[in-house]
Amino acid sequence: MQHTNNHLIERLPKGVQKRFLALCEPFELVLSTELSVRGALLTHAYFPITGFISLVIDIETHPPLEVGMVGAESMLGSELVLALANTPWRALVQGAGSCWRIETKTLRQAMDDMPALESLVQRSLLIRLHQQALASACERFHPIGQRLARWLLMSQDRAHADHFHVTQEFISLMLGVRRVGVTQAASDLQKEGLIQYTRGELKVLDRAGLEAKACSCYEADKLLHDTLMKAKT
């Protein structure tokens with residue numbers, strides 16, 4: 001790992017960045033690994049470099065539902081800035097890759113010692129709360145096809161590639177819909193020449209077309225991130 005490539009860490013002043021990375025360790029994100037369990041204490045925070053993580057809610061007898069996605073633009077564990085270590089969701093590796101990892105206790109001490117780090121983690125938490133509110137509205141009001149297009153774009157952004165492995169069963173869980181709905185929506189996108197999907201391998205053929213197909217929440221999400229990240233504290 002010669003470059004951090006995590007956008008949060010790269011925003012730190014060079015001196016603070018060096019001090020912080022000295023406290024971290026490289027860690028591989030293995031597909032389908034659970035990095036945190038609902039209700040359990042967080043032991044580490046994660047700063048993805050490549051790969052990405054889904055935040056998944058389990059609600060009694062209902063299928064799991066994705067309520068957030070974390071890639072190189074953010075971190076897993078920003079709630080630690082509030083001295084909280086329990087989460088209502090599971091963190092599941094959706095895209096394999098690498099990250100920087102730091103122990104919870106060490107991160108808390110680092111935030112006390114480095115105000116620039118604490119401010120950045122606070123901003124990361126604020127952005128995630130806004131994005132989760134947007135995701136809730138999207139899940140309630142937008143049709144499956146538009147939501148699928150948005151989800152594929154978000155996954156591609158974090159995979160940094162035009163192809164990645166994903167099953168229809170997994171997509172149905174992430175979107176909180178029946179698999180038959182995902183099958184139909186994916187088939188429609190494929191007929192339009194936007195994607196190619198075969199045996200769990202998905203390739204984006206027409207990025208611009210997929211963006212046009214996605215609901216407005218995709219662009220709203222990116223604008224929200226950029227606006228809040230650049231806002232003065």
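Let's start with R90 and D58. These two form a salt bridge, with the closest N and O atoms 2.6 Å apart. By salt bridge I mean a side-chain nitrogen of Lys or Arg within 4 Å of a carboxyl oxygen of Asp or Glu. R90 sits in strand 6, residues 90-95, and D58 in the loop between strand 4 and strand 5, so this pair links distant parts of the chain, 32 residues apart. Helices (H or I, at least four residues) and strands (E, at least two) are DSSP runs, numbered from the N terminus.

A word on the source. This is a predicted model: local features need pLDDT of at least 70, side-chain atom pairs count only at pLDDT 80 or more, and totals for chains, interfaces and linings use all residues. Residues are numbered from 1 along each chain as its sequence is written, and side-chain values use heavy atoms, with hydrogens and water left out.

Back to the pair. Is R90 buried or exposed? R90 is buried, at a relative accessible area of 17%. D58 is partly exposed, at 23%. The cut-offs: buried is under 20% relative accessible area, exposed is over 50%, and partly exposed is in between, with a 1.4 Å probe and protein chains only.

How many salt bridges does the whole structure have? The search finds 10. Two others deserve a look.

Take E79 and R128. Their side chains meet in a salt bridge, 3.0 Å from N to O. E79 lies in the loop between strand 5 and strand 6, and R128 in helix 4, so the pair ties together parts 49 residues apart in sequence. Both E79 and R128 are buried.

Next, D157 and R207. The closest N and O atoms of this salt bridge are 2.9 Å apart. D157 is in helix 5 (residues 144-159) and R207 in helix 8 (residues 207-213), so the pair ties together parts 50 residues apart in sequence. D157 counts as partly exposed, at 27% relative accessibility. R207 is partly exposed too, at 25%.

Now strand 5. Five of its six residues are buried, so strand 5 is largely enclosed by the rest of the structure. Strand 4, residues 52-57, runs antiparallel to strand 5, and five bridges join them. Two strands pair if DSSP finds at least two bridges between them. I57 stands opposite L65 in strand 5.

On to the cavities. A cavity is a set of points on a 1 Å grid, over the protein atoms alone, where a 1.4 Å probe fits but cannot get out; lining residues have an atom within 4 Å of a point. Volume is the space filled by probe spheres set on the points, and points are joined across faces, edges and corners. There are two cavities of 30 Å³ or more.

The largest cavity holds about 60 Å³. R128 returns here, among lining residues that include E73, H225 and M229. Which element gives the most to this lining? Helix 4, with four residues. Strand 5 (65-70) and helix 9 (217-230) are among those supplying at least two. The lining has five nonpolar, four polar and two charged residues. Nonpolar covers Ala, Val, Leu, Ile, Met, Phe, Trp, Tyr, Cys and Pro; charged is Asp, Glu, Lys and Arg; the others, Gly among them, are polar.

The second largest cavity has about 30 Å³. Its lining includes L8, F47 and M75. Helix 4 supplies the largest share, three residues. By class, that lining has eight nonpolar, no polar and no charged residues.

Key
On a 1 Å grid over the protein atoms alone, a cavity is a set of points where a 1.4 Å probe fits but cannot get out, and a pocket is an open set with protein on both sides within 12 Å along at least five of seven lines; lining residues have an atom within 4 Å of a point.
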